[in-house]
Amino acid sequence: METIEQVLHSHHFLAIGEQNPKVKQLKGILSNSKPNPHKLFVAEGIWILKMCEQFKTPIDSLFLCPEHIRTSEAAALADKLTARAENLYTVSAKTYEKLSERDRPDGLMALAALPSFDIAAFHPPENAVILILDGIEIPGNVGTMLRMADGAGLDGVFLCNRKVRLTHPKLIKGSQGAILSVPVFEFESVAACRDWLQSHGFTVYLADTRAPRYYFDEPYGSKTALVMGSERYGITREWYGGDHKMVAIPMLGKCDSLNVGVAATVLCYDASMKNKMKQRN
């Protein structure tokens with residue numbers, strides 16, 4: 001069995017403290033308060049780092065806290081990650097605990113790079129379902145919808161009028177690793193996104209409480225793009241200027257709308273089941 005002592009002996013780790021620039025960089029990303037041109041995010045713990053290993057996520061820096069690495073599983077994972085990490089560091093328990101949000105940390109933390117997807121190489125199938133997030137402001141909501149997109153088998157997520165960093169810790173946590181598995185593409189404008197969808201044969205559906213029909217009455221069946229608007233302002237007017245349909249979720253109580261993540265889940269699962277499950281049966 002691999003031990004952390006064997007890992008440290010086999011590789012060259014540099015012991016650093018709180019004032020080291022790399023620790024300060026990590027803190028800045030955790031607080032979402034510093035520039036992040038390389039789109040690095042903080043991955044902490046065995047579960048998310050196993051996903052980084054699975055998807056071959058580039059690792060900028062690996063931080064180990066030997067005092068908190070208690071299992072052979074954690075030591076073996078650390079050994080695997082060292083082969084791909086550009087920088088290897090150890091930190092004290094005191095330093096690590098100031099960085100970690102966990103009561104019982106695994107002693108593994110990394111600065112990793114978000115995957116980069118090329119829209120030119122993206123060729124969605126005829127039964128594709130894409131979720132479009134237009135001006136979503138809350139990082140946790142974006143993360144939740146990425147997690148849902150993975151679960152519902154969506155083909156991709158498009159971002160327009162982006163308001164949050166994809167590296168925001170709350171987004172990373174909310175996505176539960178889906179930020180690594182779901183193709184995400186950002187468009188400079190609604191017009192550019194709409195042009196791409198039109199040129200690739202998508203029908204655009206706007207989630208709008210004023211829609212003349214409910215989502216469950218829509219048969220879908222072909223390339224489908226569902227647009228969800230911001231928490232405060234809804235879908236931007238530009239989307240209404242092009243070809244589109246509208247669908248609504250019935251509200252049977254006193255409230256007039258659902259949380260955007262919940263609404264997206266209802267709509268996306270329905271569209272995905274209609275488009276994709278038929279082919280499985």
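The largest cavity in this predicted model holds about 50 Å³ of space. With the cut-off set at 30 Å³ or more, the count comes to one cavity. Ten names are worth looking up in the structure here: Leu133, Gly135, Ile136, Val142, Leu159, Cys160, Arg162, Lys163, Val164 and Leu166 make up the lining. Sorted by class, that lining has seven nonpolar residues, one polar residue and two charged ones. As for how such a space gets found, rolling a probe the size of a water molecule over the atoms shows where empty space is left.

Leu159, part of the cavity lining, stands opposite Glu186 in β8. Strand β7 (residues 156–160) pairs with β8 in the parallel sense, and three bridges join the two. Both strands belong to an open sheet of six, ordered β8-β7-β6-β10-β9-β11 with parallel pairing. At the edges sit β8 (184–186) and β11 (245–247), each of which pairs on one side only. On average, neighbouring strands in this sheet are turned by 25° against each other, direction ignored.

Helix α6 (residues 139–151) touches β6 (129–134), β7 and β8, and its direction makes about 175° with that of β6. Helix α9 (residues 190–199), for its part, lies across β6, β7, β9 (203–207) and β10 (224–229), running at about 150° to β7.

Strand β2 runs antiparallel to its partner, β5 (residues 108–113), and the pair is linked over five bridges.

The crossing of α3 past α4 is left-handed. On the α3 side, Ile46, Leu49, Lys50 and Glu53 make the contact, while α4 brings in Glu73, Ala74, Leu77, Lys80 and Leu81. By class, this contact has five nonpolar residues and four charged ones, with no polar residues.

Conventions: Residues numbered from 1 in each chain as written. Predicted model: local features only at pLDDT ≥ 70, side-chain atom pairs only at ≥ 80, totals over all residues. Heavy atoms only, no water. Left-handed = near helix turned anticlockwise from the far one by under 90°. Helix = DSSP H or I, 4+ residues; strand = E, 2+ residues; numbered from the N terminus. Contact = heavy atoms within 4.5 Å. Nonpolar A, V, L, I, M, F, W, Y, C, P; charged D, E, K, R; others polar. 1 Å grid on protein atoms, 1.4 Å probe; cavity = no way out; pocket = protein on both sides within 12 Å on 5 of 7 lines; lining within 4 Å. Points joined across faces, edges and corners; volume = space filled by probe spheres on them. Pairing = 2+ DSSP bridges. Axes fitted to C-alpha atoms, helices over the stretch in contact; angles between N-to-C directions.
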